[in-house]
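Please look at the structure first.

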Amino acid sequence: MKRQKGGLSISQRVTRSTTRLDRNSLTLPVEVVTEIFLRLPLKSIATCRCVCKLWSSVLRSQGFTDSFLTKSCARPRLLFACHDYRRKIHFLSSPQPENPEDNSHVVAANHLARFPTSYSLLGCTNGFFCYGADWFFKRLKLPVICNPSTGQSLTLPRLNSKDKYRVESYLGYDPIAKQFKVLSVCDDGKEHHVLTLGTKKLSWRVVECCIPHCSSSKWISISGVLYYIAAEPRSSSRESMVVCFDLRSEKFSSVKLLGGFSKALPLSATMINYNGRLALLMSSEDTCYVFRTCKRFKLWVLRDAAKHEWSKRVYVLPPSWNDLVTGPMYIAGMVGTKEIVFSPHCQIVPSYVIYFNVKSKTIRKVGIQGMEAFQGEMINTYLNYVENVELL
């Protein structure tokens, strides 16, 4: 027997026939159901997709995906990509501490997903990752897109290029069209191809670029623009420009590295999102890593791309830096405009990251629990990671 109360269907007696879900209608307004789903953890959302077609349609809708992403952006997380000896990459996530007060601050990491991979560098855009997977028998490195939040991965089609063995791939997101695009550039910068994710048939398209350059593995996507470090062909310097690729118009432009960059960009230079602007953060030492001997950092913020204008800031490390750093670190990035984050190159126990507040000139060590199994393995740390439930 059923009775109606406030528009909801309430069952007072459960029989075999009434235990079946009504797969064509919801007993609650869609807005209420969506709000309930938004409060669930990632693994529960994955389970709910399998309950029935109706729930699956709600959880796969663009509206739910956008709402979940908006919620995730309000509480970004730390993400750790750990490589193991079996050539697997494990993604672990933890809350991103806000203004840690002391060195006793500890956060817990939980395992999200595992994927096969080479040891190539990774890049993150809007919750999706792009990396290279080796095909040893053909000596190819195919780009792979994966989403740690859903556990899905997608190997992209083979690139029909003259130089298919030396290709850099970059993943960008167009927030207006809500599209992910992959840009592949041959090492000599002579061939450029674009692939749009989400289309029925994934295929590469040739795009024209009139800027002679040699690509690199350093890149970032900010507000619909892909930026990557490049060098002029046959140039003695390692890198001398930033190439910009507008994901909407699919047009190229470039910004020169001027002034204090001297002849070459330091190896420690890291591309970051500085309050919506491209910025380059680097140490005072010309090395990939940051050591106890480091004294200061330089931050170059792109103010006007058309005029090639950069602004410069210098941050001096306090004496407490020597007490906290025990081995080689690398620049993980910057939280907002006031905290630089450093991570060990290899996983150690106990795990930690270091926060340097450039405003208060203080340094804090934040412990990470749950990563003990990866001691001694290579690790990449990503800041401001947002969970994205969009399916590949």
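Val 335 sits opposite Glu 339, a residue of β24. The model shown here is predicted.

## The four-stranded sheet

Another open sheet holds 4 strands in the order β19-β20-β21-β22. Here the pairing is antiparallel. The edge strands are β19 (270–274) and β22 (309–316), and each pairs on one side only. Neighbouring strands are turned by 30° against each other on average, with direction ignored.

Strand β20 covers residues 277–283. It pairs with β19 over 5 bridges, in the antiparallel sense. What is the bridge partner of Ile 272 in β20? The partner is Ala 279.

Helix α1 runs over residues 30–38 and contains Val 32. Thr 34 also has its place in α1. Is Thr 34 buried or exposed? Its relative accessibility is 15%, so Thr 34 counts as buried. The cut-off for buried is under 20%. Thr 34 touches Val 58 and Phe 64, leaving aside residues up to four places away in sequence.

Val 32 has 38% relative accessibility and therefore counts as partly exposed. Together with Leu 28 and Ile 36, Val 32 makes a nonpolar surface patch. The patch has an area of about 210 Å². An α-helix has 3.6 residues a turn, so residues three or four places apart point the same way.

## Helix α3 and its cover

Which residues of helix α3 are buried? They are Leu 54, Ser 56, Val 58 and Leu 59, in a helix that spans residues 53–60. What covers these buried residues includes α1, α2 (42–48) and α4 (62–73).

Val 58 links this helix to the previous section. It is one of the buried residues of α3, and Thr 34 touches it. Thr 34 itself lies in α1, and α1 is among the elements that cover the buried residues of α3.

Methods:
Residues numbered from 1 in each chain as written. Predicted model: local features only at pLDDT ≥ 70, side-chain atom pairs only at ≥ 80, totals over all residues. Heavy atoms only, no water. Patch = residues over 30% accessible without salt bridge, like charges linked within 9 Å, V, L, I, M, F, W, Y side chains within 5 Å. Areas by Shrake-Rupley, 256 points an atom, 1.4 Å probe, with all protein chains shown as cover. Salt bridge = Lys/Arg side-chain N within 4 Å of Asp/Glu carboxyl O. Helix = DSSP H or I, 4+ residues; strand = E, 2+ residues; numbered from the N terminus. Buried < 20%, exposed > 50% of the residue type's maximum accessible area, 1.4 Å probe, protein only. Pairing = 2+ DSSP bridges. Axes fitted to C-alpha atoms, helices over the stretch in contact; angles between N-to-C directions. Contact = heavy atoms within 4.5 Å.
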